[in-house]
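Work through the exercises below with the sequence and the model open. Try each task before reading its solution.

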Amino acid sequence: DFENVFVETLRRRHGTQRMNANNVYQEVIMDKNHVHMNSTKWASLSDFVQYLGKKGKCVVEETERGWYVTYIERDPALLARQEALKKKAVADQ
C-alpha cells in the first residue's frame, strides 16, 4: 500500500525530521517495485499529504517551497526510552 510505504520511508530514513514531501516521494519511487501514486485514491501528492495530516500520522506544513511533513513517533518502547532519558537528565542536574 502506497500510504504504508511512504510513512515507513519517512520514519526509517528521516525519523522526526521535517522533510519536503516531494523529496520523500522521490525516495519512494526509487524502488522499482513501488506502488504508483496514480493507482491510489489520491489525485496528487498534496492531497495525500493533507490526508496524512488529517489522520494524525504526520505534522503537515504548506510553505512557499512546497509541502513539508514530520513523522509523529508513536512507538511505545521508543517513547518510554525517551521519557526515561529525560527523567535521568533532570535527576542529574
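This is a predicted model: local features need pLDDT of at least 70, side-chain atom pairs count only at pLDDT 80 or more; totals for chains, interfaces and linings use all residues.

**Exercise 1. Find which ring Arg18 lies over, and at what distance.**

Solution. The ring is that of Tyr68. Arg18 lies over its face, at 4.0 Å from the ring centre.

**Exercise 2. Is Glu3 buried or exposed, and which side chain makes a polar contact with its side chain?**

Solution. First, locate the residue: Glu3 sits in helix H1 (residues 2-14). Then apply the burial cut-off, under 20%. Glu3 has 8% relative accessibility, so it counts as buried. Its polar partner is Lys57: the two side chains make a polar contact at 2.4 Å. Last, list the residues that Glu3 touches, leaving out those up to four places away in sequence. They are Trp42, Phe48, Tyr51, Leu52 and Lys57.

**Exercise 3. Classify the ring pairs Phe6–Phe48 and Trp42–Tyr51.**

Solution. A pair of aromatic rings is described by the distance of the centres and the angle of the planes. The model has seven aromatic pairs. Take Phe6 and Phe48. Their ring centres are 5.0 Å apart and their planes are at 85°, so this pair is edge-to-face. The two residues are 42 residues apart, Phe6 in helix H1 and Phe48 in helix H3 (residues 45-54), and the pair links distant parts of the chain. Check burial too. Phe6 is buried, at 0% relative accessibility. Phe48 is also buried, with a relative accessible area of 0%.

Now take Trp42 and Tyr51. The centres are again 5.0 Å apart, but the planes are at 50°, so this pair is tilted. Trp42 is buried, with a relative accessible area of 10%.

Then join the pairs up. Ring pairs link Phe2, Phe6, Tyr25, Trp42, Phe48 and Tyr51 into a cluster.

**Exercise 4. Describe how H1 packs against H3 and against H2.**

Solution. Two packed helices are described by the angle between their axes and the distance between the axes. Begin with H3. The axes of H1 and H3 come within 12 Å and cross at roughly 75°. Angles of 65 to 115 degrees count as roughly perpendicular, and H1 and H3 are therefore roughly perpendicular to each other. H1 contributes Phe2, Glu3, Phe6 and Val7 to the contact, and H3 contributes Leu45, Phe48, Tyr51 and Leu52.

Turn to helix H2 (residues 21-29). H1 and H2 pack at about 105°, with axes 10 Å apart. These two helices are therefore roughly perpendicular as well. Among the H1 residues that meet H2 are Phe2, Phe6 and Leu10. The H2 residues they meet include Val24 and Tyr25.

**Exercise 5. Which residues is Tyr25 in contact with, leaving aside neighbours within four places in sequence?**

Solution. Tyr25 lies in helix H2. At 17% relative accessibility, Tyr25 counts as buried. Its contacts are Phe2, Phe6, Met37 and Leu45. Tyr25 and Leu10 are 15 residues apart along the chain, with C-alpha atoms separated by 9.1 Å.

Technical notes: Residues are numbered from 1 along each chain as its sequence is written. Side-chain values use heavy atoms; hydrogens and water are left out. Helices (H or I, at least four residues) and strands (E, at least two) are DSSP runs, numbered from the N terminus. Buried means under 20% relative accessible area, exposed over 50%, partly exposed in between (1.4 Å probe, protein chains only). A polar contact is a pair of N or O atoms within 3.5 Å; within protein, one must be able to donate a hydrogen and the other to accept it, and residues adjacent in sequence count only if both atoms are side-chain atoms. Contact means heavy atoms within 4.5 Å. Rings of Phe, Tyr and Trp (its six-membered ring) pair if their centres lie within 6.5 Å; planes under 30 degrees apart count as stacked, over 60 as edge-to-face and the rest as tilted. A charge sits over a ring if NZ of Lys or CZ of Arg is within 6 Å of the ring centre and within 35 degrees of the ring normal. Axes are lines fitted to C-alpha atoms, for helices over the stretch in contact, and angles run from 0 to 180 degrees between N-to-C directions. Angles under 35 degrees count as roughly parallel, over 145 as roughly antiparallel, 65 to 115 as roughly perpendicular and the rest as oblique.
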